[in-house]
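Dear colleague,

I am handing over the structure we spoke about, and I would be glad if you looked through it alongside the notes that follow.

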Amino acid sequence: MSRTVYVNGEFLDEENAKISVFDRGFLFADGVYEVSSVIDGKLIDNAAHMARLRRSLSELRMVFAMSDEEIIAAQEEVVARNGLVEGALYLQVSRGVADRDFALPKDPKPSIVMFTQEKKLVDNPAVAKGWAVITLEDIRWRRRDIKTVQLLAPSLAKQAALDAGADDAWMVEDGKITEGTSNNAWIIKGGKIITRQLSNDILHGITRKAVMRLASEDGLVVEERAFTEDEAMSADEAFVTSATTFVMPVVSINGKGVGNGNPGSVTLRLRELYIEEARRS
Ligand code: PDD
């Protein structure tokens with residue numbers, strides 16, 4: 001069955017959903033995006049995704065006329081038209097069509113597209129086993145706080161991880177873990193939950209923020225700081241967070257088991273808390 005895709009105000013069959021070769025998203029990766037999860041047909045934490053979208057647009061000096069209300073109405077319509085119960089809603093805004101020039105167009109006409117992807121998020125079969133990750137040098141640009149569609153480095157890192165028989169890569173800069181290819185990285189050590197502090201070095205994850213709050217409310221101690229590969233390898237538990245994995249246990253790093261080599265109990269509890277809250281809201 002063909003999906004219905006949203007392109008610049010129109011709902012089209014995916015075969016007919018097209019963007020110009022002159023779109024700056026295609027030529028310069030001049031675009032930003034958001035991935036919101038959908039559970040029970042509802043967008044999760046979408047207001048936070050909207051706020052981050054606005055920030056990304058503003059950091060790239062991209063003026064986009066649609067209001068949040070208009071964007072959300074279109075998002076909900078795409079979810080409804082596709083009968084999506086569980087999965088992800090992808091949204092991308094690019095600076096639009098202009099003749100190829102490194103200078104920004106004087107009169108930009110941004111493009112917006114949205115589509116759905118069906119995924120098992122709550123009963124994700126990978127959770128029981130957990131993820132194996134490898135570490136790789138972080139070769140991305142230095143504004144990782146902006147959610148741009150410039151995803152070649154993490155895409156190559158993901159493939160390198162899969163080629164090595166792992167599930168994902170944790171990227172390393174100056175001896176410290178930055179984040180996963182498309183998720184934030186966490187470790188638990190001596191009862192403390194540790195994740196890198198916010199800066200331009202990482203994406204400011206929406207799931208990260210929710211999990212940090214849930215952990216604190218649950219009486220756990222959260223420490224925001226960078227951690228080394230060695231520290232991660234000797235952690236009691238490890239996990240990643242993102243809109244599409246929620247809280248995913250990490251059970252090994254570079255082939256060495258984390259803790260007892262199984263998904264950690266605190267990690268699984270945080271996953272439960274996150275899903276409970278998402279379902280309730
Ligand atoms: N990725 N870090 C990076 C580099 C990411 O690409 C993502 C999300 C995250 C987690 O952010 P959030 O919790 O807001 O999903 C962290 C999405 C899921 C993607 O690119 O598909």
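Two strands are counted as paired if DSSP finds at least two bridges between them. Please keep in mind that this is a predicted model. With that in hand, strand S5 (residues 87–94) and strand S6 (residues 111–118) run antiparallel and are joined by eight bridges, and among the residues involved, Gln-92 has Val-113 in S6 as its bridge partner.

These two strands belong to an open sheet of six strands, which has the order S2-S1-S6-S5-S3-S4 and antiparallel pairing. Strand S2 (10–13) and strand S4 (42–43) each have a single partner strand and stand at the edges, so one side of each is left without a neighbour in the sheet. Helix H2 (residues 46–59) lies across strand S3 (31–39), S4 and S5, and its direction is at about 175° to that of S3.

As for the chain as a whole, it contains eight helices and 15 strands. Its radius of gyration is 19 Å, close to the 19 Å that the globule rule gives for 281 residues, so the chain is as compact as a globular protein of that length. The C-alpha trace spans about 55 × 40 × 35 Å along its principal axes.

Terms used:
Residues are numbered from 1 along each chain as its sequence is written. This is a predicted model: local features need pLDDT of at least 70, side-chain atom pairs count only at pLDDT 80 or more; totals for chains, interfaces and linings use all residues. Side-chain values use heavy atoms; hydrogens and water are left out. Helices (H or I, at least four residues) and strands (E, at least two) are DSSP runs, numbered from the N terminus. Contact means heavy atoms within 4.5 Å. Axes are lines fitted to C-alpha atoms, for helices over the stretch in contact, and angles run from 0 to 180 degrees between N-to-C directions. The radius of gyration is taken over C-alpha atoms; the globule rule is 2.2 Å times the number of residues to the power 0.38.
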